[in-house]
Amino acid sequence: MDFSVSEIATSLGADLAGDATIRVRAAAEPASAGPDDLAVAMDLKYAAGLEQGQARVAILWAGADWQALGLKAAIFVVRPRYAMSGLTRLMDPGPDIAPGIHPMALIDDSAEIGDGAAIGPFVVIGKDVRIGARARVASHVSIAENASIGDDALILQSVRIGARVRIGDGFIAQPGAIVGADGFSFVTPEKSGVEKVRETLGDAGEAGDQSWIRTHSLGAVSIGNNVEIGANSTIDRGTIRDTSIGDGTKLDNLVHLGHNVTVGRDCLLCGQVGVAGSSKLGDRVVLAGQCGVNDNIFVGDDVIAGGGTKIFTNAPKGRVLLGYPAVKMDAHIEIQKALRRLPRFMKSLQQDK
Amino acid sequence: MDFSVSEIATSLGADLAGDATIRVRAAAEPASAGPDDLAVAMDLKYAAGLEQGQARVAILWAGADWQALGLKAAIFVVRPRYAMSGLTRLMDPGPDIAPGIHPMALIDDSAEIGDGAAIGPFVVIGKDVRIGARARVASHVSIAENASIGDDALILQSVRIGARVRIGDGFIAQPGAIVGADGFSFVTPEKSGVEKVRETLGDAGEAGDQSWIRTHSLGAVSIGNNVEIGANSTIDRGTIRDTSIGDGTKLDNLVHLGHNVTVGRDCLLCGQVGVAGSSKLGDRVVLAGQCGVNDNIFVGDDVIAGGGTKIFTNAPKGRVLLGYPAVKMDAHIEIQKALRRLPRFMKSLQQDK
Amino acid sequence: MDFSVSEIATSLGADLAGDATIRVRAAAEPASAGPDDLAVAMDLKYAAGLEQGQARVAILWAGADWQALGLKAAIFVVRPRYAMSGLTRLMDPGPDIAPGIHPMALIDDSAEIGDGAAIGPFVVIGKDVRIGARARVASHVSIAENASIGDDALILQSVRIGARVRIGDGFIAQPGAIVGADGFSFVTPEKSGVEKVRETLGDAGEAGDQSWIRTHSLGAVSIGNNVEIGANSTIDRGTIRDTSIGDGTKLDNLVHLGHNVTVGRDCLLCGQVGVAGSSKLGDRVVLAGQCGVNDNIFVGDDVIAGGGTKIFTNAPKGRVLLGYPAVKMDAHIEIQKALRRLPRFMKSLQQDK
């Protein structure tokens, strides 16, 4: 695949200068770009890299003096992060999944697969599954009975879609993602130590010698449109109602959503985030890597939490959080400053006394 | 599938009232229940939901006035959490795995599979594997040479059971669980920086330019009866002895157990918990989501740790823990209260001086 | 398989005493060793165990009185941890993957597989893939188009190697590891709440009602020689350049590396570590379990971080870190000591006033 400067500029809605007919084959960092690469140098700090590399064409910051940079052509962008999304979408060859249904895929006769599907080898699709148009399903995937998936799905290797799971259009699942594992819900015949601790905040009482009885998951998982689930992430089904994820929400790798969790729309849950059972996240919530959300709490719309934040209690709309346990980010910063001074501070006060 | 009111009440050992012959098809939350659903409303707070929904039958809290709630029949439960386990067990259709051995499963001639097995497509079962009666093995599973698994196993998609792993009866493994990966154990020919830090608590000394040499895992994993392993969890084999998990213990999704770890019986390890190599957990230990346990330590029976607790040192029997590093839960709460006041407190003291 | 005492001693470069012709079948802990086992008792503290067990041969600490311990032969080691690597390498039977290419493996005609390969069933190898000599590839693996892997690879069940990924010699991947998932990179057309928080450290401003647009990953993953990746770990491809891992680096289970991350050589990343996008780790960095590294930061050579450390800012070469947020280990210990005294300390000061 290659692309002309004018094609790229058009797809980004960006201005160009110089020879619009030059064709490039790949994007590259400025310093390592070859003569057929498009150097990505959307900030002044990459100017030096351009000199080291051999690119004839670059994507530059608005107002850059492209000729002084020794280029034959240039494309100018205003919001580089956003331009990257357009550029990479254009140039991504995507995974190689042959059109049609591979002879080594096992698809139940009752399943309905929409037009234009590409389904790889060793895929298993169960009874009464419905998949929309233009699905791309890579090798080793399984989609269990009565699951339904909308149009334009991209489902990568060894993804597991459980029974009765319902997913909207534009779904992307990275390899190993599991949608619809059973919830982790166990109960003892009599009150357990954990229940006592929750009631008393600290005393487990006499721990009984009881075994855990399983609560099965009768609910499924409901997922809106344009949702992406990261590699090896796990989403449990609900107990009675469905676990649910709203439109436009994106989950990174190794994210865990417990049973009955509700995630709103346009949320970002970064790598290794965990949300415990029955908690509810509003819309546009952003949780950085390794955040944790306690069970049965509510995290309001537009909450943003920094890396590793552990949210134990309800968080109001718009709150910016950090810490374990989570506090407002500015409070966290104040506390950390105080903490670093604390040992010396305590020593000095004791000398005073 | 549908169920009569009397069948449900009998299976729960619960009292019923009204027309015991009405049949329901599924459990539902009260407000969204249709006329053929069983509304699950085991607490007074769900009474309003019943009015919104169309259920004719509900599971109610003990003493509820079912007729005033407009129902045709009702089942009464004393311990709702426990009743849920019975109800959901009754109503769970379970995964759809066809009886018998799928023609696309590859089973070594030397393997012994007990009566009543259901083994899905693209399964690989190695030499001298032994699996008990009534096993249900979903697609894409592999069970390596000399592994043995007891009766009534439910092994879901793409679970990996490593060589020589031994598992008791009633085993459940959610999709993607890996039992018997190699331990993470590496050593340098000469003392490494990490070893020096552990000895001196803080000084890595001159870091040598050494590479890590692998210690292979000769041990396997031993798992008792009635153990469940969550989706994409990973359990490493031991170095010489087996990594082991006691009867009745349940692991949630994305849990990691390092090599040589011993987990007692009836423990609950919630989502994303990690236990480092050679540590030992007693019986009935409960670790909430994202807890971590340092290597080579001991966590006593009946220890309960809140979300995100990082346990660095031995924890005595019955201790309730929270925090990073873990302290007793009440101490943690005291410390956090003090911390929130600390910045202002330090400021006020400095003004005094 | 069995091994003579002299074979074992030779392979370890260790001294032996007694009957060098005795053969043993397996390594065992001293107390549970049978007469045909090799007891592993490299420290004085295992002497009692030897009396309980039935071993005739043991690996002992230097200078041990083997005859007084009732043994017929003994092997003496100076650095036990290192000796374990040699012993376990010698005795590990390795996974059972039949030589040659299984008839149920699907290998594209354009792929080049080196001599001596053992490739299991239900494996998928894509176009123009190149794999070196003596590769062992277990069942259910997929290796996507244009990936290249060096000699002596051991790739276990359901590992996913993405398109264009380049890997050196001596690669080991535990089951479920995913190399080359798409990066987690999303952008809003206008500035998002997260961007505002990063600029102002605390104020998300008016949260706009925007959806996330995907930045595709055009880069791949580059991995050096002698790298091991743990079970269910996930490594994302880069946006423009490759995500990269240096020679000799080892990743444990459930580790997450974001897009564009660079990890140096001979690093150890323990279970559930996460490194966010575009961060750079130097050489010989050791991150204990559940550590997190913020995006776009630099962690210097020889940095060592204790369990659960969350590194938010650049860390200089050789620093030993602990805590959330990470501080120098000795500062962390000082702070924690102060913290435990803090509630009482504040109370006493208030009484003074």
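Helices (H or I, at least four residues) and strands (E, at least two) are DSSP runs, numbered from the N terminus. The model is predicted, so that local features need pLDDT of at least 70 and side-chain atom pairs count only at pLDDT 80 or more, whereas totals for chains, interfaces and linings use all residues. Residues are numbered from 1 along each chain as its sequence is written, chains are lettered from A and ligands numbered from 1 in the order in which they are written, and side-chain values use heavy atoms, with hydrogens and water left out.

Chain A contains 5 helices and 40 strands. The C-alpha trace of chain A spans about 80 × 80 × 30 Å along its principal axes.

Copies were superposed by least squares on the C-alpha atoms of residues with pLDDT of at least 70 in both. Chain A is superposed on chain C by a rotation of 120° with 0.0 Å of shift along the axis, at an RMSD of 0.0 Å. These two copies are thus related as by a three-fold rotation axis. They use different surfaces, in that 17% of the contact residues of chain A recur in chain C, where contact means heavy atoms within 4.5 Å. For chain B on chain C, a turn of 120° and a shift of 0.0 Å along the axis give an RMSD of 0.1 Å. Here too the copies use different surfaces, and 16% of the contact residues of chain B recur in chain C.

Within chain C, helix H1 (residues 5–12) packs on helix H3 (residues 80–91) at an angle of about 130°, and their axes are 9 Å apart. Axes are lines fitted to C-alpha atoms, for helices over the stretch in contact, and angles run from 0 to 180 degrees between N-to-C directions. H1(C) and H3(C) are therefore oblique to each other; angles under 35 degrees count as roughly parallel, over 145 as roughly antiparallel, 65 to 115 as roughly perpendicular and the rest as oblique. H1(C) contributes C:Ile8, C:Ser11 and C:Leu12 to the contact, and H3(C) contributes C:Ala83, C:Gly86, C:Leu87, C:Leu90 and C:Met91.

The peptide bond from C:Tyr324 to C:Pro325 is cis, with omega near -5°. C:Pro325 lies in the loop between strand S39 (320–322) and strand S40 (327–328) of chain C.
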